[in-house]
Amino acid sequence: MTLDVLICTIDQGILGVPQVILPPQEGIRWVVSMQYTTKHFLDLVPQVLDERPDVLLTFLPGKGLCRNRNNAIRHASGDILLIADDDCRYTAEGLRTIIKTYEEKPYADIICFAAESYDGRPMKKYPTAVKTYQTAYKEGYFPTSMEMTMRANLNLWFDERFGLGSEKLCAGEEEVFMKDAVSSGHTALFVPTVIVHSEYETTGSRFIGHPRLQRTKGATFRYVFGKSEAIWRSVKEAGWWFVHKGANPFPILYNMLRGIWILQ
């Protein structure tokens, strides 16, 4: 089996891509999708990316992380696809583990793995055993793009209304993607094996002072759970921030309800 690592970046982020890419390995290819807001950013492409036969460079004008991810998927040709960013760090062993896991689990269409910070801290609280995605999600796990892998023949795409650079919403694309995958009948798993290291940051740490992120949370609830449950979950979410963080719950709830309305 072959693996394509899909690295999405924008503008000067292309300068960090050579630090992501490992030395050539059989069966591993790197698909770099570079968005650019003005053409002068194209002059920043490191020469090493043009020189590597195992690196495919593709370019996309404009913004929108989900647009960029979909562009990378369209240009992929490997059996397995790994979603990546320009600040991810991999090892040859980790990439081989992905391939081996799919070989051992031929029934799996999508596998979410675990991630750590550069200094070895878990990015979040992960299940400690292999579980279906649905079970892990019900138990509190939420997916992050750099943990996500899938078979290339699934015909699944990221919803471009969500994610960084979209018109109204700024996150949530992973949960929406997984909702679409499960609804389409695909088998999704969580496997508690670390495959990637990256910068330690979570959108939750910015939630209180970020109205757009609050709207996005409401919209994501609406997409994943439906309107009625989304309203109830938004009330609970606003209450949690009041009880545990002392935040005013009313602006949070207002923004989340706006997000639910946006998606109708």
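**View 1. Helix α6 passes α8 in a right-handed crossing.** In this predicted model, helix α6 covers residues 211–225, and its axis lies 6 Å from that of α8, the two helices packing at an angle of about 50°. That angle makes α6 oblique to α8. On the α6 side the contact is made by Pro211, Gln214, Arg215, Lys217, Gly218, Ala219, Phe221 and Arg222, while α8 contributes Pro251, Ile252, Asn255, Met256, Arg258, Gly259, Ile260 and Ile262. Sorted by class, the residues of this contact of α6 with α8 divide into 8 nonpolar, 4 polar and 4 charged.

**View 2. Helix α7 and helix α8 cross at roughly 155°.** Here α7 spans residues 227–245 and α8 spans residues 249–262, and their axes come within 9 Å. Because angles over 145 degrees count as roughly antiparallel, α7 and α8 are described as roughly antiparallel to each other. The crossing of α7 and α8 is right-handed, and a right-handed crossing is also found where α6 passes α8. From α7, the residues Lys227, Ala230, Ile231, Ser234, Val235, Glu237, Ala238, Trp241 and Phe242 take part, and they meet Pro249, Ile252, Leu253, Met256, Leu257 and Ile260 in α8. The contact of α7 with α8 divides into 12 nonpolar residues, 1 polar residue and 2 charged residues.

**View 3. The axes of α5 and α6 come within 10 Å.** Helix α5 covers residues 173–183, and its axis crosses that of α6 at roughly 5°, which makes α5 roughly parallel to α6. By class, the contact of α5 with α6 holds 3 nonpolar residues, 1 polar residue and 3 charged residues.

**View 4. The second largest pocket has a volume of about 230 Å³.** Its lining is formed by Tyr133, Gln134, Tyr137, Lys138, Glu175, Met178, Lys179, Val182, Ser183, Val224 and Phe225. Three helices, α4 (133–138), α5 and α6, each supply at least two residues of this lining, and α5 gives the most, with 5 residues. The lining of the second largest pocket divides into 6 nonpolar, 2 polar and 3 charged residues.

**View 5. The largest cavity holds about 30 Å³ of space.** The count of cavities of 30 Å³ or more comes to 1 in this model. The largest cavity is lined by Ile83, Ile110, Met148, Thr149, Met150, Phe158 and Phe177. Strand β7, which covers residues 148–151, gives the most to this lining, with 3 residues. The residues of the lining divide into 6 nonpolar, 1 polar and no charged, whereas the lining of the second largest pocket includes 3 charged residues.

How values were computed. Residues numbered from 1 in each chain as written. Predicted model: local features only at pLDDT ≥ 70, side-chain atom pairs only at ≥ 80, totals over all residues. Heavy atoms only, no water. Axes fitted to C-alpha atoms, helices over the stretch in contact; angles between N-to-C directions. Helix = DSSP H or I, 4+ residues; strand = E, 2+ residues; numbered from the N terminus. Parallel < 35°, antiparallel > 145°, perpendicular 65-115°, else oblique. Left-handed = near helix turned anticlockwise from the far one by under 90°. Contact = heavy atoms within 4.5 Å. Nonpolar A, V, L, I, M, F, W, Y, C, P; charged D, E, K, R; others polar. 1 Å grid on protein atoms, 1.4 Å probe; cavity = no way out; pocket = protein on both sides within 12 Å on 5 of 7 lines; lining within 4 Å. Points joined across faces, edges and corners; volume = space filled by probe spheres on them.
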